[in-house]
Amino acid sequence: MTTEKINKTKLNSTNRKDTVDRRFSIAPMMELTTTDFRVFARTLSTHTLLYTEMVTTGALLRGDSPARFLRYDECEHPIALQLGGADPIALGKCAKLAEEYGYDEVNLNVGCPSDRVQNSLIGACLMAHPDKVKDAMSAMLDATSIPVTIKHRIGLDDQEDYSVVRDFVGDIATTGVSTFIVHARNAILAGLSPKQNREIPPLKYDYVYQLKQDFPDLEIILNGGIKTMTECEAHLTKIDGVMLGREAYHNPWILSEVDKTLFGQPTKVTSRFEALNNFIPYVEKRLANGERLMHITRHILGLFLGQPGGKAFRRYLSENGHKTDAKIDVLIDAINMVNQQINKTKETH
């Protein structure tokens, strides 16, 4: 669909209340953006929009209790639920569940390239079926009053022309969806692993910038390859929001810069130790509920990346956190080791 046509189309989202600020968000990542990581991320930033892992419609509708997949800590707001699926009826039901559970947004995954999801017609392969995507988005919009968004790639396999993503966005926007999160790489559906799909297809930021120019009334969020606040600021001069993935997970201290740099608000914490101190009560609560320490601490291993004592912190938690009797003292000991290393470094300078 051309830009001219979409501009003449009346979008049905005009009466939908959308108060979510998407200037900065953390991408949904399987087995990484669990509630444990999201609570930890919230100790570093108040304004970052957090996304769940992708949850399939089958998991929510066929299981005994959707609460297993949908529960989260109240501190995680603003938080969005990402869904994986293609059946409009199922997606509508799950979008309604998202609203009932208090999520601030519900998002459809049209970007994941893995073989497993392709076999269920989930993820990036849906870009080849825009009519199915339109039916899915319409069903979600009809089922809920919270914002409905979509995350997708710029093309599939050897599709190189900008017109591919332009026409896809223009077509989907006729449903009333107005927020598009664009991973600025193609998805290669055969021959590359999901990890390779995040690294090998070239980034084409200019395609995403052009989307904003062609569809100025749509909210365009850029995802892919962003690593620093300086890069975020540069991108934000051309699009509406940025989404970080692996960098925010493996180097989480970057999140401490978000509130001040991108939102003009006070920083939430001034040190990594302050963030950990704020996180410890949550860890103790989860341990009391039977969760093993390693399931929580695996999400914070990168906090001291590049800092004195950072390697010792990772090693100590990795070697001791998995033990069945590991308690909060393991985390406290790891923190003390870093403190000692920092003090030793100061003494030698």
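Modeller: Happy to! Let me begin with the elements around the largest pocket: strand S2 (49-56), helix H6 (115-118), helix H9 (194-197), strand S10 (241-244) and helix H12 (246-250) each give its lining at least two residues. Please keep in mind that this is a predicted model. The space in the largest pocket comes to about 790 Å³. Its lining counts 32 residues, and those closest to the centre are Pro-28, Met-29, His-183, Arg-198 and Arg-246. Sorted by class, the lining of the largest pocket holds twelve nonpolar, nine polar and eleven charged residues.

Of the 27 residues lining the second largest pocket, Thr-34, Thr-35, Glu-53, Arg-68 and Phe-69 lie nearest its centre. Two or more lining residues come from each of helix H2 (35-42), S2, helix H4 (67-70) and helix H14 (272-288). S2 makes the largest contribution to the lining of the second largest pocket, with five residues. By class, the lining of this second largest pocket splits into seven nonpolar, eight polar and twelve charged residues.

Eight strands form a closed barrel in the order S1-S2-S3-S4-S5-S7-S9-S10, and their pairing is parallel. From one strand to the next, the twist averages 25°. H2 touches strand S1 (24-26), S2 and strand S3 (79-84), and its direction makes about 175° with that of S2. Helix H8 (residues 162-173) touches strand S4 (105-110), S5 and S7, with its direction at about 165° to that of S5.

The loops deserve a look too. Glu-31 sits in the loop between S1 and H2, and its phi is near 65°, a positive value in a residue other than glycine. Further along, Pro-78 is found in the loop between H4 and S3, and a cis peptide bond with omega about 0° joins His-77 to Pro-78.

That brings me to the aromatic rings. The model has seven aromatic pairs. One of them is formed by Tyr-72 and Tyr-103, a tilted pair with 4.8 Å from centre to centre and 55° between the planes. Tyr-72 lies in the loop between H4 and S3 and Tyr-103 in the loop between helix H5 (88-100) and S4, so this pair ties together parts that are 31 residues apart in sequence.

To come back to your pocket: if you start browsing at its centre, Pro-28, Met-29, His-183, Arg-198 and Arg-246 are the residues closest to that point.

Terms used. Residues are numbered from 1 along each chain as its sequence is written. This is a predicted model: local features need pLDDT of at least 70, side-chain atom pairs count only at pLDDT 80 or more; totals for chains, interfaces and linings use all residues. Side-chain values use heavy atoms; hydrogens and water are left out. On a 1 Å grid over the protein atoms alone, a cavity is a set of points where a 1.4 Å probe fits but cannot get out, and a pocket is an open set with protein on both sides within 12 Å along at least five of seven lines; lining residues have an atom within 4 Å of a point. Grid points are joined across faces, edges and corners, and a volume is the space filled by probe spheres set on the points. Helices (H or I, at least four residues) and strands (E, at least two) are DSSP runs, numbered from the N terminus. Ala, Val, Leu, Ile, Met, Phe, Trp, Tyr, Cys and Pro count as nonpolar, Asp, Glu, Lys and Arg as charged, and the others, Gly among them, as polar. Two strands pair if DSSP finds at least two bridges between them. Axes are lines fitted to C-alpha atoms, for helices over the stretch in contact, and angles run from 0 to 180 degrees between N-to-C directions. Contact means heavy atoms within 4.5 Å. Rings of Phe, Tyr and Trp (its six-membered ring) pair if their centres lie within 6.5 Å; planes under 30 degrees apart count as stacked, over 60 as edge-to-face and the rest as tilted.
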